[in-house]
Amino acid sequence: MKKLDTIFLVEDNTILAELIQHNLIKKLDCKVVLFQNADEVANYSEQEKPDVIILDYNYDELDLEIKNGLDFLIKLRDKSNVPVIALSGQKDKEVAVDIIRNGANDYINKDDTNFMLTLTESVETIFKIRETKRRLKKAISTLNAKFLFYSVTLVICVFVAVFAL
């Protein structure tokens, strides 16, 4: 049985979070774990590692240790390179630039008419890139093994040729 890709969705709007969760599960056949804010993700005790984090920029709660998605992203990048897609209703382009500069793989505005489609395509692209990297690693490993085999074979042939004379 194939392991499902795991997405951590950090969104404080419960209705929107459940809509995104339903859409991603339906379209991408993945597991989506919901969090209300970045503090919950930071304190998540299970050993499960996400394949992607979808991260809201603003949280309504005021008494949080991690005040917004950018703060979480900066802390995350100190210890992980898990792909992150930032979501926000922010109109300020500087916020988007800051988020991308600090390591987000994509920034999607929740106010865009096709934001759900854009989000799904972004996650799908991240999954495809990961699979391509996996296949490349495997191909490189195979090529390295073949190169080693042919190098050893060549050395043996040269050795035999030199001593045969």
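How many helices and how many strands are in the chain? The chain holds five helices and five strands. Helices (H or I, at least four residues) and strands (E, at least two) are DSSP runs, numbered from the N terminus.

This is a predicted model, in which local features need pLDDT of at least 70, side-chain atom pairs count only at pLDDT 80 or more, and totals for chains, interfaces and linings use all residues. Residues are numbered from 1 along each chain as its sequence is written, and side-chain values use heavy atoms, with hydrogens and water left out.

**View 1. The order of elements along the chain.** Read along the sequence, the pattern is β-α-β-α-β-α-β-α-β-α. The radius of gyration is 23 Å, well over the 15 Å that the globule rule gives for 165 residues, so the chain is more spread out than a compact globule. That radius is taken over C-alpha atoms; the globule rule is 2.2 Å times the number of residues to the power 0.38. Along its principal axes, the C-alpha trace spans about 85 × 35 × 30 Å.

**View 2. Helix 5 from end to end.** Helix 5 has 50 residues (residues 115-164). At 1.5 Å a residue, helix 5 should span 74 Å; its end C-alpha atoms are 72 Å apart, which agrees. The expected span is 1.5 Å times one less than the number of residues.

**View 3. The buried residues of helix 5.** These are Phe115, Leu119, Thr120, Ser122, Val123, Ile126 and Phe127. Buried means under 20% relative accessible area, exposed over 50%, partly exposed in between (1.4 Å probe, protein chains only). They pack against strand 1 (6-10), helix 1 (14-28), strand 3 (52-56), strand 4 (84-88) and strand 5 (106-109). Contact means heavy atoms within 4.5 Å.
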